[in-house]
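Here is a short tour of one protein model, written for reading alongside the structure.

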Amino acid sequence: MIGPLVEPGLRLAFSMLGDRGEAEDATQEAITRAWKRLPQLRDRTHLRPWFLAIVANQCRNVRRTRWFSTVRLADIFRPVRAAATHVERVDVARAMAHLPMGDRQVLFMRFYLDLPIEEIAIAMGTSTAAAKGRIYRACHKLRPELQEDDL
């Protein structure tokens, strides 16, 4: 049941932690926690956002225990919708690195994991309207970073 969600969970963890080993450890811990809490899940149609929320929370716990916090997007975990060129991937990765963690997380779930807004809202613990607003604001914060080099 959780098996197909491991790869998206691992991608999310890597986007939040920037280290493959830590991402694998966080995902494994999230799988264990999800397995233990599976009987508490009321609506099985919300399994994916529920699991990704557990992954995100585990990553936050890992980051809290670190002395520093970095987030990188690497070529190891390619996005579902790959950018057209290597230069565009680098520009997006650089621009994403300048965003706050919450904005990176919501953009990653929407555009890299290609989650519907309803599932993002469940994973974030907010309403659909709040998730849409968060994505909109994050995109607007990202846009000037991408256009800066074009000037």
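Is Glu-7 buried, partly exposed or exposed? Glu-7 is partly exposed, with a relative accessible area of 48%. Keep in mind as you read on that this is a predicted model.

Glu-7 has a charged partner: its salt bridge is with Arg-11, and the closest N and O atoms are 3.0 Å apart. Both residues sit in helix H1 (residues 6-17), and because they are 4 residues apart, about one helical turn separates them.

The two partners differ in their surroundings. Arg-11 has a relative accessible area of 15% and is buried, whereas Glu-7, at 48%, is partly exposed.

Helix H2 (residues 20-37) holds Glu-29 and Arg-33, which are 4 residues apart, about one turn of the helix. Their side chains form a salt bridge, with an N to O distance of 3.1 Å.

Here both partners are partly exposed: Glu-29 has a relative accessibility of 32%, and Arg-33 has a relative accessible area of 29%.

## A link across the chain

Next come Glu-119 and Arg-48, whose side chains meet in a salt bridge at 2.5 Å, N to O. This pair joins distant parts of the chain, as Glu-119 belongs to helix H6 (residues 117-124) and Arg-48 to helix H3 (residues 47-65), 71 residues apart.

Glu-119 counts as buried, at 16% relative accessibility. Arg-48 is partly exposed, with a relative accessible area of 28%.

How many salt bridges does the structure hold? There are 6 salt bridges in the structure. Asp-103, Arg-134 and Lys-141 are connected to one another in a network of them.

## The nonpolar core

Turning to the nonpolar side chains, the largest nonpolar core is made of 43 residues, and Leu-12, Trp-50 and Phe-51 have the most contacts inside it. At least two residues of this core come from each of H1, H2, H3, helix H4 (86-97), helix H5 (101-112), H6 and helix H7 (128-147). H3 provides the largest share, with 10 residues.

What does Trp-50 touch, leaving aside residues up to four places away in sequence? Its contacts are Ala-34, Arg-37, Leu-38 and Leu-41. Among these, Arg-37 is a handy one to find in the viewer when you look at Trp-50.

Key: Residues numbered from 1 in each chain as written. Predicted model: local features only at pLDDT ≥ 70, side-chain atom pairs only at ≥ 80, totals over all residues. Heavy atoms only, no water. Salt bridge = Lys/Arg side-chain N within 4 Å of Asp/Glu carboxyl O. Buried < 20%, exposed > 50% of the residue type's maximum accessible area, 1.4 Å probe, protein only. Core = buried A, V, L, I, M, F, W, Y, C linked by side-chain atoms within 4.5 Å. Contact = heavy atoms within 4.5 Å.
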